[in-house]
Amino acid sequence: MILVLTIAFAAVVLSACGASLTFYDYYEDGVRVNEYVLEIDRATVDRMEESAISDDEGERYTVQVYFRELFVSYGYELIAASSTDDGYAARYRKSFYNGVTPELYEITGAMLNYESEIKRNPFTAKVKRTADNPFNGVRAAYDGVTDPDVSGRLIEQLKNGRVAFDEYNERKVLFPAVQDAFPYLQGIDPDRLLLSFAVDGSARMKSTGTATKLTRDYSRYVFSRYFDTTERKVEFEYTRPVAYGWYIVALLAGGAVVGIFVLATRQKKQKTTLLDRFPYNPEEYRDYDSHLPIGKK
């Protein structure tokens with residue numbers, strides 16, 4: 001692992017050729033951790049910022065400021081960010097303790113749970129693990145948000161902004177939706193936004209994702225899809241040894257070695273003679289008076 005995201009919904013209106021979002025879901029010291037990596041190319045960043053509106057202090061939104069405020073408001077920590085000639089990239093991280101459901105799973109109504117199918121023989125077990133892609137159901141949930149005055153849930157805020165009503169019952173925008181903050185994005189079809197789930201694991205697995213070697217023993221597996229209504233799967237396959245089969249082989253092999261050793265030992269052993277039993281030849285040293293060999297008293 002490796003599979004959920006505040007920014008997933010904020011970025012849904014970015015064009016596929018200009019933006020991608022990668023989600024990491026893993027455990028660290030028994031605590032569930034979510035990380036999100038947002039990447040937007042330079043051309044898209046420039047167009048967004050050229051069309052940006054101003055915040056309450058009169059400062060025009062930038063891509064970096066907008067997404068940082070969005071993530072921080074939901075408890076995410078900015079781990080790294082860069083703005084270069086290639087574009088903007090940022091990584092955000094949040095820990096979820098027992099009983100707390102990550103945002104994306106709360107939206108889709110399902111956690112990342114693997115089901116295992118195992119085929120055994122006496123020596124190996126072939127394991128196939130399958131789970132629903134974490135982004136399944138996100139597009140349907142996003143399209144289902146219609147009321148612009150409801151901003152209690154994350155998905156509602158991302159689509160319609162964060163709103164409140166003053167003492168005169170007048171609607172006030174506290175934080176704009178991404179399309180409102182960057183009007184350039186209005187009217188862009190989000191279907192081709194690239195959404196990826198990434199997980200790290202043993203390099204000796206096969207998967208339906210793309211594997212990238214990290215070390216000799218570990219690889220990163222990335223499962224990519226677009227922001228549409230297609231249902232996708234995350235699948236892994238690997239083979240592990242079955243102990244009892246190899247134990248039986250070891251016992252049989254050990255028994256065979258012992259048997260060969262015993263047989264070889266018996267074949268080398270000659271018939272015992274009278275000379276083998278005594279240090280002298282009684283036929284040559286007969287002394288009926290002393291019963292001892294001559295010269296030995």
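1. In this note a residue is called buried when its relative accessible area is under 20%, exposed when that area is over 50%, and partly exposed in between, with a 1.4 Å probe and protein chains only. By that definition V234, at 0% relative accessibility, counts as buried. The model is a predicted one, in which local features need pLDDT of at least 70 and side-chain atom pairs count only at pLDDT 80 or more, while totals for chains, interfaces and linings use all residues. Residues are numbered from 1 along each chain as its sequence is written, and side-chain values use heavy atoms, with hydrogens and water left out.

2. V234 is found in strand β13, residues 233-241, where helices (H or I, at least four residues) and strands (E, at least two) are DSSP runs numbered from the N terminus. With contact taken as heavy atoms within 4.5 Å, and leaving aside neighbours within four places in sequence, V234 is in contact with residues including Y114, D132, F197 and F223. The C-alpha atoms of V234 and D132 are separated by 6.0 Å, although these residues are 102 residues apart along the chain.

3. Seven strands form an open sheet with mixed pairing, in the order β3-β4-β2-β1-β9-β12-β11; two strands pair if DSSP finds at least two bridges between them. The edge strands, each pairing on one side only, are β3 (77-84) and β11 (210-213). From one strand to the next the twist averages 20°, with axes being lines fitted to C-alpha atoms, for helices over the stretch in contact, and angles running from 0 to 180 degrees between N-to-C directions.

4. Within this sheet, β1 (residues 19-28) and β9 (residues 194-202) pair in the parallel sense over five bridges, and the bridge partners in β9 are S196 for T22 and F197 for F23. Strand β9 also pairs with β12 (residues 218-226), here in the antiparallel sense and over nine bridges, and F197 has F223 as its bridge partner in β12.

5. S20 lies in strand β1 and is buried, with a relative accessible area of 17%. Not counting residues up to four places away in sequence, S20 touches V37, L38, E39, L193 and L194.

6. What are the buried residues of α3? They are V63, Y66, F67, L70 and F71. Seen down the axis of α3, these buried residues fall within an arc of 120°, so they line one face of the helix; the arc is that of the directions from the helix axis to the C-beta atoms. Just after α3, G75 takes a positive phi of about 85°.

7. The largest nonpolar core has 47 residues, and those with the most contacts inside it are I40, V63, Y66, F67 and F182. A nonpolar core is here a set of buried Ala, Val, Leu, Ile, Met, Phe, Trp, Tyr and Cys residues joined through side-chain atoms within 4.5 Å. Leaving aside neighbours within four places in sequence, V63 is in contact with I40, V45, M48, E49, Y88 and F182.
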